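Let's walk through this model together, with the charged pairs as our guide. Have the coordinates open as you read.

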Amino acid sequence: MIRAIFNRKGGVGKSTICCNLAAVAATRGKKTVVIDLDPQSNSSSYLGHDGEDDVVGTAEFFESTIDYSFRDFKPDDYVRKTAFENLFVITASRGLIDLESKLASRHKIYKLKEFVQKLTDIYDEIYIDTPAIMNFYSLSALIACKRCLIPFDCDVFSRDALYELLNNIQEVKEDHNRDLELEGIVINQFSAKARLPGEAVDELIKEQLPILKPYISSSVKIRESHRAEKPMVFMLPRHKVSQEFTDLYRNLNTSESEFLSENNQDVEAVV
Ligand SMILES: Nc1ncnc2c1ncn2[C@@H]1O[C@H](COP(=O)(O)OP(=O)(O)OP(=O)(O)O)[C@@H](O)[C@H]1O
Ligand SMILES: [Mg+2]
């Protein structure tokens, strides 16, 4: 399973959702890796790898496609452990910025897909965090993934941008990646008490956009979890937001047989 989290708008929760869904997968015994493609490295630091200059990560992987100094590296050599069982990360760094134009001009847009395909031999689930811009890296992610999630922060002004984004994704699907499936829009920072977010989401539902459930509530604990470099699911597993991430993960994977049987077990337990 290869899932990218993308929105051209900044600060909508891409890294938060990416790391927490990956964390849920890891707690369920899935060997999971997060690939950080954003030079801000927020997912890398959320998973405990902050400002490490001496490690190889996504920048070095892309560099290896134009400079053969990393030619002996195997895909797993780019992967770092985290403090959490089953959860791994390929960290981002500022080096991505300098490389981007070189990679684009040399048409390296399919290299991430090849790399990710090799990682599927080792990892059950792969999550790709993207920068808040449609650039070489986000396009590479949309080409490499099978499924795409779009976080939406209930801002009425983001609605038009959302349609443009859906268009972009459709275009990538037609031009580069027939397997690409838009899984849906994750409503983030939802506050049931405020009127406007509810109205914004209702509009999207009326327009038949694929809105996923549950919505992720707004909580100050999320910022704390970033500071603690511990996804919510690990920091406060019983918190409402952690439960929402777990339920979202389950809903995204309902077609998988393990969840069908798990649901059956639940039913039996209730009976
Ligand atoms: N549900 C939430 N409740 C409260 N704060 C949140 C929530 N989701 C995200 N945040 C906070 O909002 C900020 C942006 O979140 P995040 O970094 O995940 O967004 P992003 O889309 O990855 O941003 P960027 O575009 O900069 O990469 C972070 O400080 C995070 O702690
Ligand atoms: Mg981010």
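**Salt bridges and an enclosed helix**

Glu-183 and Arg-3 form a salt bridge, with their closest N and O atoms 2.6 Å apart; the term means a side-chain nitrogen of Lys or Arg within 4 Å of a carboxyl oxygen of Asp or Glu. This pair links distant parts of the chain, since Glu-183 sits in strand 7 (residues 181-187) and Arg-3 in strand 1 (residues 2-5), 180 residues apart. Helices (H or I, at least four residues) and strands (E, at least two) are DSSP runs, numbered from the N terminus.

A word on the ground rules: this is a predicted model, where local features need pLDDT of at least 70 and side-chain atom pairs count only at pLDDT 80 or more, while totals for chains, interfaces and linings use all residues. Residues are numbered from 1 along each chain as its sequence is written, chains are lettered from A and ligands numbered from 1 in the order in which they are written, and side-chain values use heavy atoms, leaving out hydrogens and water.

Glu-183 also meets Arg-147 in a salt bridge (3.2 Å, N to O). Here strand 7 is linked to strand 6, 36 residues apart. Glu-183 is buried at 11% relative accessible area, and Arg-147 is buried at 17%; buried means under 20%, exposed over 50% and partly exposed in between (1.4 Å probe, protein chains only).

Now look at helix 6 (residues 136-144): 8 of its 9 residues are buried, so the helix is largely enclosed by the rest of the structure. Among the buried ones are Phe-136, Tyr-137 and Leu-142.
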